[in-house]
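This report describes the fold of one protein chain, part by part. Please keep the sequence and the 3D view at hand while reading.

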Amino acid sequence: MGFHLPGVVPTKKFLRRSLSNSSKGASMAVAVPKGHFPVYVGENEKKRVVIPLSLLSQPLFQDLLIQAEDEYGFDHPMGGLTIPCREDLFTDLISTLNAS
């Protein structure tokens, strides 16, 4: 039994479109282990960080996603998910969430 969310893009279709829009699509896809996804963090210079999918269910991480949507909408400057957060704070948050 499954359910359908009308506003959600199917993952395979979205991933295929994202990779085709990226100049480094194939090499970036190889660098991301199964069960993880890349995000970009930082104030001036954005750093690519690969994090586990399990963080998507964490309320604090969901708050960051809401902030990213408010700041960038769905047009992220790096071509991938950009989190509006200092790199050191993001690293601390991810460490805390992974420990819990």
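Which strands does helix 4 lie across, and at about how many degrees does this helix run to strand 2? Helix 4 lies across strand 1, strand 2 and strand 3, and its angle to strand 2 is about 10 degrees. The model is predicted, and the sections below take up its parts in turn.

## Overall make-up

The protein has four helices and three strands. Read from the N terminus, the order of these elements is α-α-β-β-α-β-α. Of its 100 residues, 23% count as buried.

Among contacts with a separation of 6 or more, 43% are between residues 24 or more positions apart.

The three strands make an open sheet with the order 2-1-3 and mixed pairing. Strand 2 (47-52) and strand 3 (82-83) are the edge strands, each pairing on one side only.

Strand 1 pairs with strand 2 in the antiparallel sense, over six bridges. Val39 has Val49 as its bridge partner in strand 2. The hairpin of strand 1 and strand 2 has five residues between the strands, and Gly42 in this hairpin takes a positive phi near 130 degrees. Strand 1 and strand 3 run parallel and are joined by two bridges. Here the bridge partner of Val41 in strand 3 is Ile83.

## The nonpolar core

The largest nonpolar core has 13 residues. Those that touch the most other members are Val39, Ile51, Phe61, Leu64, Ile83 and Phe90. Two or more residues each come from strand 1 (36-41), helix 3 (59-72) and helix 4 (87-99). Helix 4 gives the most, with four residues.

Leaving out residues up to four places away in sequence, Ile83 touches Val39, Tyr40, Val41, Gly42, Leu64, Leu65 and Phe90. Val41, in this list of contacts, is also the residue whose bridge partner in strand 3 is Ile83. Val39, Leu64 and Phe90 are likewise touched by Ile83, and they are among the core residues that touch the most other members.

## The aromatic pair

The structure holds one aromatic pair. The ring centres of Phe37 and Phe61 are 6.2 Å apart and the ring planes stand at 75 degrees, so the pair is edge-to-face. The cut-off behind that label is an angle over 60 degrees.

Phe37 belongs to strand 1 and Phe61 to helix 3, so the pair ties together parts that are 24 residues apart in sequence. Both Phe37 and Phe61 are buried. Phe61 is also one of the residues that touch the most other members of the largest nonpolar core.

Leu53 lies in the loop between strand 2 and helix 3. What is the relative accessibility of Leu53, and how does this residue count? The value is 41%, so Leu53 counts as partly exposed, a class that runs between 20% and 50%. Leaving aside neighbours within four places in sequence, Leu53 is in contact with Gly35, His36 and Phe37. The C-alpha atoms of Leu53 and Phe37 are 6.5 Å apart, with the two residues 16 apart in sequence.

Gln58 lies in the loop between strand 2 and helix 3 as well. With 22% relative accessibility, Gln58 counts as partly exposed. Gln58 touches Leu97 and Ser100, not counting residues up to four places away in sequence. From Gln58 to Asn98 the C-alpha distance is 9.9 Å, while the separation in sequence is 40 residues.

## Ala31 in helix 2

Ala31 has its place in helix 2 (residues 25-31). Its relative accessible area is 44%, so Ala31 is partly exposed. Between Ala31 and Val50 the C-alpha distance is 8.9 Å, and the two residues are 19 apart in sequence.

How values were computed:
Residues are numbered from 1 along each chain as its sequence is written. This is a predicted model: local features need pLDDT of at least 70, side-chain atom pairs count only at pLDDT 80 or more; totals for chains, interfaces and linings use all residues. Side-chain values use heavy atoms; hydrogens and water are left out. A nonpolar core is a set of buried Ala, Val, Leu, Ile, Met, Phe, Trp, Tyr and Cys residues joined through side-chain atoms within 4.5 Å. Buried means under 20% relative accessible area, exposed over 50%, partly exposed in between (1.4 Å probe, protein chains only). Contact means heavy atoms within 4.5 Å. Rings of Phe, Tyr and Trp (its six-membered ring) pair if their centres lie within 6.5 Å; planes under 30 degrees apart count as stacked, over 60 as edge-to-face and the rest as tilted. Two strands pair if DSSP finds at least two bridges between them. Axes are lines fitted to C-alpha atoms, for helices over the stretch in contact, and angles run from 0 to 180 degrees between N-to-C directions.
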